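Try each task before reading its solution.

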Amino acid sequence: METGGADTLRIRQVLLLFVLLGMSQTGSESGRYLVTEEMQSGSLVGNLAKDLGLEVSELLSRGAQVVSNDNKQRLQLDINTGDMLLSEALDREELCGSTEPCLLHFQILMKNPMQFLRIELQVRDINDHSPIFLEKEMLLEIPENSPVGAVFLLESAKDLDVGINALKSYTISPNSHFHIKMRVNPDNRKYPELVLDKALDYEEQSELSFILTALDGGSPPRSGTAMVRVVVVDINDNSPEFEQPFYEVKIPEDSVLGKLVVTVSAWDLDSGKNGEISYAFSHASEDIRKTFEINQKSGEVSLTAPLDFETTESYSIIIQATDGGGLFGKSTLKIQVVDVNDNAPEVTVSSITSPIPENSPKTVVMVFSIRDRDSGDNGRMICSLSEDLPFMLKSSLENYYTLETDRTLDREITDKFIITITVTDMGTPRLKTQHNITVLVSDVNDNAPAFTQASYTLRVRENNSPALHIGTVSATDTDAGANAQVTYSLLPPADPHVPLASLVSINADNGHLFALRSLDYEALRAFEFRVGAADRGSPPLSSQALVRVLVEDDNDNAPFVLYPLQNTSAPCTELLPRAAEPGYLVTKVVAVDGDAGQNAWLSYQLLKATEPGLFGVWAHNGEVRTARPLSERDAARHRLLVLVKDNGEPPLSASVTLHVLLVDGFSQPHLPPPEAEAEAEAAAAAPADPLTVYLVVALASVSSLFLFSVLVFVAVRLCGRGGAARAGRCSVPEGPFPGHLVDVSGTGTLSHSYQYEVRLTGDSGSNEFKFLKPVFPNLPPQCPGKEIEENPTFYNSLGFNIQ
């Protein structure tokens with residue numbers, strides 16, 4: 001059954017071809033339609049479906065269209081009715097000039113399967129042009145001795161119509177001396193000759209005038225007129241004669257302007273003025289007069305306008321030699337134009353398909369035709385395609401080609417192709433035309449988004465403002481359009497204890513990451529999560545990336561002074577013997593900083609002293625030492641203001657006040673500072689109250705304790721000072737605090753031996769200190785060891801863990 005169907009289809013196609021070749025329509029010839037020029041646009045030419053024996057629906061389904069060689073749509077096909085209509089009024093003279101018959105060639109292009117059918121449209125002439133004379137007045141000088149029957153050439157009229165509508169005859173107004181006779185030259189152009197019927201007599205009538213009328217063969221006929229004026233001259237009885245009655249030359253169409261074509265020559269047996277010869281073109285068309293000129297004296301014919309073999313292949317010119325008496329001779333010059341390869345091939349595109357979906361099978365991209373206006377080898381062409389492209393050319397009916405894909409296309413490799421079709425003729429030198437087309441490849445969603453990095457590390461400084469932009473993740477998709485539009489999202493964290501939703505957010509459109517709240521380095525130093533990127537294709541494709549956020553420390557904690565404490569009811573007084581040498585260690589200021597890195601590096605500076613130049617503070621360890629020997633003139637009490645500053649930007653600081661009492665020896669009673677004396681005097685002046693009584697009792701208790709401590713101190717110093725020194729040392733934890741800045745050991749750093757065991761608890765994230773086992777064998781009253789021992793609650797409220 002399938003074989004029979006294929007045979008039926010072939011038989012039907014053959015029959016369609018014979019139908020096209022044999023179709024006829026109201027005056028049309030075989031395979032040809034006939035229309036009359038100047039018919040209105042939209043006029044019916046014929047019914048293509050009927051002539052081809054096809055259904056109108058088949059024309060529609062096969063995409064039938066009319067194309068022409070010059071790519072001008074003079075015919076249009078109504079695919080709903082099968083009618084071929086004129087797209088514009090046709091002017092036969094403009095389309096074909098003097099060529100008869102006037103034939104326009106068209107092709108019927110049908111797809112599925114691809115077919116090309118040729119039709120011809122003959123444009124029939126109507127009588128829409130009148131004969132016209134290029135010269136409205138002609139002047140003839142005729143010798144009076146001209147014999148009866150002498151013939152004189154007249155300028156011919158020009159009629160653009162052809163056939164029966166062309167120039168038919170000439171007439172002159174009635175006169176007694178002349179009649180008109182019509183001649184036909186070698187190129188079938190009709191021209192008039194004036195025949196002398198009666199001898200002229202210069203003395204009787206020296207000038208004659210009459211009207212020359214040119215008539216065409218139309219119905220009704222059209223006419224044109226010119227005035228002929230005859231001047232009678234005397235005694236010239238010899239006419240010029242040419243050396244050759246017929247000249248023939250060949251000239252290449254690319255000849256330069258001014259080139260000498262030929263030189264004609266004639267002679268006259270008369271002498272004087274009657275023997276002087278002048279040359280001129282006779283009955284020459286306007287085209288000839290524009291293209292060539294003749295030297296009236298020498299007879300040289302030269303080129304004055306470019307030649308074009310494709311427009312005119314040859315010229316036939318009548319050259320007239322006239323002597324001074326008005327007699328003339330004539331000769332015919334035939335100029336044959338030789339074709340040169342001066343026309344490059346032309347490419348006419350009938351249809352084009354773009355864009356083409358990637359991964360598509362073989363597809364027809366373009367249908368086009370080629371032509372070359374030259375002839376012979378100059379008009380033969382070859383068509384080629386640029387190399388390394390997934391396309392191929394297929395030849396079809398007479399210079400028609402189709403451009404097809406040779407393999408599947410991948411938009412991600414190449415999203416558009418610039419195809420160069422080269423058409424080269426076989427002339428010498430060879431000419432070629434390159435036609436470029438751009439074919440776009442449309443996208444399908446076959447690529448997932450890809451992050452620029454597999455993981456991102458972002459840094460943000462603590463105490464940031466909420467909604468701070470902390471970084472950006474970026475993913476690209478090699479697809480296009482909606483298939484390449486990427487949407488970002490946060491993926492559920494692997495650790496459910498990380499409150500990711502309250503820490504960061506992501507902009508779904510651009511991947512910008514924002515911190516939702518202020519971060520604290522001391523509480524959270526780093527966290528990580530995953531982000532996803534999905535395109536908007538169907539179905540959507542996605543990928544993931546890891547993001548790690550590192551919180552950087554900010555200088556948001558001021559130094560805290562551990563020793564001496566400044567918030568006690570009475571300041572701590574350091575004792576300095578007057579016999580101390582320069583560099584004697586008076587005391588040591590101990591401070592810590594809750595920050596990290598250089599923000600926790602501490603330096604010490606003496607801001608103010610009662611006796612400038614007596615004391616100095618070491619910048620890196622806070623040791624207060626004497627700068628010079630003491631003298632009797634030095635005051636007994638001294639007040640020092642020490643500044644503790646970290647290395648942050650900007651730096652933060654704290655200050656501490658030290659009280660130093662000069663004594664002759666450690667057995668000298670302790671003198672209260674000036675502030676304490678002023679308070680004691682004020683208390684003595686005030687009336688006694690129960691609180692005062694309690695204070696007196698407490699003071700007595702402290703005095704007793706002090707006396708006991710002095711005794712213990714003397715005993716320890718005498719018996720075990722070396723052992724106690726070796727046993728007392730501060731343990732400094734590793735961390736952001738340099739050891740030489742927080743050394744609080746009792747060996748040579750303070751005037752009174754004491755020790756603290758300091759350690760940083762490992763399970764807390766806040767650098768919490770614990771002071772263990774305070775040892776103070778010899779402490780003055782109200783100094784830090786005893787104070788910390790007696791007031792653990794207060795120090796615990798400051799963030800320390802006192803055990």
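Two strands pair if DSSP finds at least two bridges between them. Keep in mind that this is a predicted model.

**Exercise 1.** Find which strands form the open sheet that contains β19, and state which of them stand at the edges.

Solution. Step 1: β22 and strand β23 (residues 300-303) are joined by three bridges, and the cut-off is at least two, so they count as a pair. Their pairing is antiparallel. One of the contributing positions is isoleucine 294, whose bridge partner in β23 is valine 301.
Step 1: the open sheet has three strands in the order β19-β23-β22, with antiparallel pairing.
Step 2: β19 (260-263) and β22 (292-294) each have a single partner strand, so they are the edges, and one side of each lacks a neighbour in the sheet. From one strand to the next, the twist averages 20 degrees.

**Exercise 2.** Decide whether alanine 49 is buried or exposed, and list its contacts.

Solution. Step 1: locate alanine 49 in helix α2 (residues 48-52).
Step 1: its relative accessibility is 3%; buried means under 20%, so alanine 49 is buried.
Step 2: leaving out residues up to four places away in sequence, alanine 49 touches Leu54, Val56, Leu59 and Gly82.
Step 3: methionine 84 is 35 residues away along the chain, and its C-alpha atom lies 9.4 Å from that of alanine 49.

**Exercise 3.** Classify valine 712 by its accessibility and name the surface patch it belongs to.

Solution. Step 1: valine 712 is found in helix α8 (residues 690-719).
Step 1: a relative accessible area of 31% makes valine 712 partly exposed.
Step 2: Val712 forms a nonpolar surface patch with Leu705 and Phe708, and together they have about 260 Å² of accessible area.

Note on methods:
Residues are numbered from 1 along each chain as its sequence is written. This is a predicted model: local features need pLDDT of at least 70, side-chain atom pairs count only at pLDDT 80 or more; totals for chains, interfaces and linings use all residues. Side-chain values use heavy atoms; hydrogens and water are left out. Patches are made of residues with over 30% relative accessible area and no salt bridge: like charges are joined within 9 Å, nonpolar side chains (Val, Leu, Ile, Met, Phe, Trp, Tyr) within 5 Å. Accessible areas come from the Shrake-Rupley method with a 1.4 Å probe; for residues, only the protein chains shown count as cover. A salt bridge is a side-chain nitrogen of Lys or Arg within 4 Å of a carboxyl oxygen of Asp or Glu. Helices (H or I, at least four residues) and strands (E, at least two) are DSSP runs, numbered from the N terminus. Buried means under 20% relative accessible area, exposed over 50%, partly exposed in between (1.4 Å probe, protein chains only). Contact means heavy atoms within 4.5 Å. Axes are lines fitted to C-alpha atoms, for helices over the stretch in contact, and angles run from 0 to 180 degrees between N-to-C directions.
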